[in-house]
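The sequence and structure are shown first.

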Amino acid sequence: MLDAIDAPAGEMTVVLGPGRPGILLHEAVGHGLEADFNRKGVSAFSGRIGQRVASPLCTVIDDGTIANRRGSLNVDDEGHPTARNVLIENGVLRGYLRDKLSSRLTGAAETGSGRREGYDHIPMPRMTNTFMLAGESDPEEIIRSVSRGLYCPDFGGGQVDITSGNFVFSAAESYLIEDGRVTRPVRNACLIGNGPEALKYVSMVGNDLRLDEGIGVCGKEGQSVPVGVGIPTIRINRMTVGGTA
Amino acid sequence: MNGNYAEWAADIVKQALAAGASDAECTISEGDEFSAGVRLREVETLKEAGSRAAGLRILKGRRTGSAYTSDLSADGIRRMVRSALELVSITTEDPFAGLPDISELGSLAGELALYSDDVAGLPTELKIDMARRAEDAALRADPRVTNSEGASFDTHLGRNAFANSRGFAGEYRTSYCSVNTVPVAREGDSMERDYWFSTARRFAGLDQPEEVGRIAARRAVRRLGRVKVETRKVPVVFEPRTARSLLDNIFDAVHGVSVYRNESFLAGKLGERVASEKVTVIDDGTIPGLFGTSPFDDEGVPTRRTVVIDKGVLKSYLLNAYTARKLGLKTTGNASGGLAGNAGVGNGNLYIEKGSAPPEQLIAGIREGFYVTELMGFGVNIVTGDYSRGAAGLWIRNGELAFPVSEVTIAGNLRRMLLDLEAAGADLQFRGSMAAPTLVIAEMTVGGR
């Protein structure tokens, strides 16, 4: 990082590395699909089931049943078994994450997503392990396809405004891509996008799905719960990078 | 037990000394909170919670051990003392560990107006009505306010006692209430939310809920029809709500721990110019009625007024006894701790001194610029000062707020930003323990299309 140059500013092609950059899905899509926001009609994803919200290369899953993962639970905090819930299938919005209250109010089935920080907290719809299924592309081929862009193999925290759909997440490690090669390290910058739009620009999905190493904590309305994220290497043709150069 | 908590804490300290501690300090903390949540005029949640717990930190020579309990029976206290003593025998010696010097201990005299009975006695119906009035005013304020995330009215009553083995014992009560609402505005495909709130230590000190609702509605509506501007370098104006976050960053940079670890861009800069002469930063824990006020800090040291930055020159860090010893300085009365473990560092009322111009006048002087009303994400590096955050707000054109902007970033470096701070507005108002007026920074990069 001592040799890092200033990060670029503005829209460009971004390649996310596998694993922790899956926080993109958590912020851009996951929170906006929690059923409490949707029964209230205050999410940018409200009323959009069946609509195209991502490129056909994208299938996004929230799965609380994977053995030994940070976000996994046998049953949620309201006694309902957790499940493998398909959020986006080939780019089309499929479902919300529901707790007991949202399920009763909307007449739709529970998804095993009712979670609480502790006995003295109210359960809410929350994510478990959120990830994108692997695609066909070789990760090296994805980087080779970019003439100028940013490669981000690691990310720190993120945040989303559910109503406008705008989300940010902060790069913890990033490099310039020049003529298909990863070159110089750049100073850490945040990336910003809009949830229902950002994944429409996904043009390549790698065959290297990886789940993160298990350190994620998600905060919502003052409650923290452990979560997992994951993603293969993906190429996004348009995303705004918050640098100075 | 309803008696004197300070005496109770002092008694626990005595038990610890009798059991073999060479020094000890005890905190007893009690809280009662209530929250009424309303959405679309219906009650959505009513929440009431009470807590009471004690924490003990002991020293044996230069080793520290600590424990806490919510079982305040005689047995529970004995167990806590025993646990702390068991731990102290296995921790590592730290030559800087220890309580503040006796000469540093004490409590502010005089009425600090931290507690008001009018918060304790409020009927539930009235609390619900406060939330309902705020939301209703927001929903009626503009036809484009079509939905709501609700409103809430919250109260908190607290009681804190602290005693240590160097003769300090004190206690104080606090009260707090707040009303807030989050309206959602819609026009065509554009949907935006914003919020507003009022907080006070006395119920009588709150703004009218109708006023809170109207401001929240205006803030949500003015975000409709947002534009993503082109990437460019322009002057950036932080309104008080977002300017406050710069104070958060300054606090992190003068925080004793980041300074002694040399993990701050302000470490080692005492006496140097670190900001423009428009910047004076004060931490004052003594102002009656405010949210960061207390008679003594969490180590029994009286709070005080500390000039952190004086017309751009760094004058002081914010320290507790431990970080002061590490740096060869004196505590500034900023110890802040939970029940267990070593005290951390917290702010009193930390603020940037106001300037003379009203915010409209500051904006009027800018041809093209960005007025930031919301910041997102965590993109601030206190070690290097690198700054990159998501932002939303209004574009300034020819001295006026022209149109809403969102899905952009603002970036720079805190070192540069503080030196480039051109003006502070006259609109300083405390809505929490940190407050800043409108701030103008000469140039930052706005990242957009």
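## Exposure and the basis of the model

A residue is buried if 20 or more other C-beta atoms lie within 10 Å of its own, exposed if 12 or fewer, and partly exposed in between. The structure is a predicted model.

## Positive phi in two loops of chain B

B:Lys311 has 14 C-beta neighbours inside 10 Å and therefore counts as partly exposed. B:Lys311 is located in the loop that joins strand 10 (305-310) to strand 11 (313-314) of chain B. Its phi is positive, at about 45°, although B:Lys311 is not a glycine.

B:Arg41 also calls for comment. Phi of B:Arg41 is near 70°, a positive value in a residue other than glycine. This residue belongs to the loop between strand 1 (23-39) and strand 2 (42-60) of chain B. Because 13 other C-beta atoms lie within 10 Å, B:Arg41 is partly exposed.

## Helix packing in chain B

Two packed helices are described by the angle between their axes and the distance between the axes. In chain B, the axes of helix 1 (residues 5-18) and helix 2 (residues 74-88) come within 10 Å and cross at roughly 45°. Helix 1 of chain B is therefore oblique to helix 2 of chain B. The crossing of helix 1 of chain B past helix 2 of chain B is right-handed.

Helix 1 of chain B contributes B:Ile12, B:Gln15 and B:Ala16 to the contact, and helix 2 of chain B contributes B:Ile77, B:Val81 and B:Ala84. By class, the residues of this contact comprise five nonpolar, one polar and no charged.

An α-helix has 3.6 residues a turn, so residues three or four places apart point the same way.

## A covered helix in chain A

How many residues of helix 1 (residues 23-30) of chain A are buried? Eight of its eight residues are buried, and the helix is mostly covered. The buried residues of helix 1 of chain A are A:Ile23, A:Leu24, A:Leu25, A:His26, A:Glu27, A:Ala28, A:Val29 and A:Gly30.

## Contact between chains A and B

Chain A places 31 residues in contact with 28 residues of chain B. On the side of chain A that touches chain B, the elements that give two or more residues are strand 1 (9-16), strand 8 (148-160), strand 9 (166-178), strand 11 (190-194) and strand 17 (234-242) of chain A. That side of chain A has 10 nonpolar, 16 polar and five charged residues.

Conventions
Residues are numbered from 1 along each chain as its sequence is written. Chains are lettered from A and ligands numbered from 1 in the order in which they are written. This is a predicted model: local features need pLDDT of at least 70, side-chain atom pairs count only at pLDDT 80 or more; totals for chains, interfaces and linings use all residues. Axes are lines fitted to C-alpha atoms, for helices over the stretch in contact, and angles run from 0 to 180 degrees between N-to-C directions. Helices (H or I, at least four residues) and strands (E, at least two) are DSSP runs, numbered from the N terminus. Angles under 35 degrees count as roughly parallel, over 145 as roughly antiparallel, 65 to 115 as roughly perpendicular and the rest as oblique. A crossing is left-handed if the near helix is turned anticlockwise from the far one by less than a right angle, and right-handed if clockwise. Two residues are in contact if their C-beta atoms, placed from the backbone, lie within 7 Å. Ala, Val, Leu, Ile, Met, Phe, Trp, Tyr, Cys and Pro count as nonpolar, Asp, Glu, Lys and Arg as charged, and the others, Gly among them, as polar.
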